[in-house]
Amino acid sequence: MAKILVVYATDYGSTKKMADEIVSGAGSVDGCTAESKAAEDATSDDMESADAVIFGTPVHMGSPAWKIKKFIDTVCGGLWMENKMNGKVGAVFATGGGLGGTGGGGELAMLAMISNVTELGMIFVPFPKSSPGYANGGLQWGPCARTADDKGPIGFPDNMAEPARCHGANVARAAKLLAGQKIFD
Ligand SMILES: Cc1cc2nc3c(=O)[nH]c(=O)nc-3n(C[C@H](O)[C@H](O)[C@H](O)COP(=O)(O)O)c2cc1C
């Protein structure tokens with residue numbers, strides 16, 4: 001059984017809702033189990049026992065939120081020192097208000113986390129443009145939900161549920177293929 005872990009930061013719940021959809025997609029793949037944990041609650045053991053980890057963040061000032069960064073620098077930092085995440089599968093997602101209509105930093109926030117994923121020695125799974133719902137908030141880096149319109153916050157939008165589930169399923173299939181394989185020396 002391949003284990004998928006979604007670790008997310010959230011203040012107002014939208015990123016948690018997206019994490020829930022990703023868990024639902026990952027858990028729908030035969031031979032996979034999935035769960036999500038808030039960044040404050042996820043532990044080293046959670047990471048070590050996972051075959052894939054999907055990191056999610058709200059965009060804060062054009063970058064990942066401090067809660068996920070703290071998790072990465074502390075919990076993941078220890079695992080990085082000991083090469084414990086090498087060869088596991090990694091992926092990212094984000095939510096953001098996107099003021100200005102061109103993303104508001106979603107790409108930068110995801111790129112920052114991709115740098116962390118690859119620094120950990122993980123195999124990165126992107127979000128291909130053929131994915132269902134890609135037009136609603138797809139980026140090659142991962143799905144990014146826009147949680148505000150020009151009038152203000154709207155929360156997690158319904159039309160991002162399908163791409164989020166698809167991302168979870170993609171990662172789960174990759175984890176199933178790679179679980180237990182020795183990729184790196
Ligand atoms: C301190 C702070 C900074 C933010 N900066 C940005 C930003 O730079 N770009 C953006 O698109 N949205 C920004 N937002 C909006 C959040 O990314 C957005 O509301 C997100 O979906 C909230 O996720 P959550 O409900 O999981 O906390 C910011 C929100 C806060 C609280």
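What radius of gyration would a compact globule with 185 residues have, and what does the protein have?

## Overall form

A compact globule with 185 residues would have a radius of gyration near 16 Å, and the protein has 15 Å, which agrees; this radius is taken over C-alpha atoms, and the globule rule is 2.2 Å times the number of residues to the power 0.38. Along the principal axes, the C-alpha trace spans about 50 × 35 × 25 Å.

This is a predicted model, in which local features need pLDDT of at least 70 and side-chain atom pairs count only at pLDDT 80 or more, while totals for chains, interfaces and linings use all residues. Residues are numbered from 1 along each chain as its sequence is written.

## Secondary structure and strand 5

The protein has 6 helices and 9 strands, which are DSSP runs numbered from the N terminus (helices H or I, at least four residues; strands E, at least two). Strand 3 and strand 5 run parallel and are joined by 7 bridges, with Gly90 of strand 5 as the bridge partner of Val53; strands are said to pair if DSSP finds at least two bridges between them. Strand 5 also pairs in the parallel sense with strand 6 (residues 123-124) over 2 bridges, where Gly90 stands opposite Phe124, and with strand 7 (residues 144-146) over 3 bridges, where Cys144 is the bridge partner of Ala94.

Because 8 of the 8 residues of strand 5 are buried, this strand is largely enclosed by the rest of the structure (buried: 20 or more other C-beta atoms within 10 Å of the residue's own, C-beta atoms being placed from the backbone). Val89, Ala91, Phe93 and Thr95 point one way, Gly90, Val92, Ala94 and Gly96 the other way.

## Nonpolar core

The largest nonpolar core has 58 residues, of which Ile4, Ala52, Ile54, Val171 and Ala172 touch the most other members; such a core is a set of buried Ala, Val, Leu, Ile, Met, Phe, Trp, Tyr and Cys residues joined through C-beta atoms within 7 Å. Helix 6 (residues 161-178) contributes the largest share of this core, 8 residues.

## Ligand surroundings

Around the ligand there are 20 residues, and Tyr12, Thr15, Pro58, Gly96 and Gly104 come nearest; a residue counts as near if its C-beta atom, placed from the backbone, lies within 6 Å. Helix 1 (14-27), strand 3 (52-60) and strand 5 (89-96) each supply at least two residues of this shell, and strand 3 gives the most, with 3 residues.

Technical notes
Buried ≥ 20, exposed ≤ 12 C-beta atoms within 10 Å, placed from the backbone.
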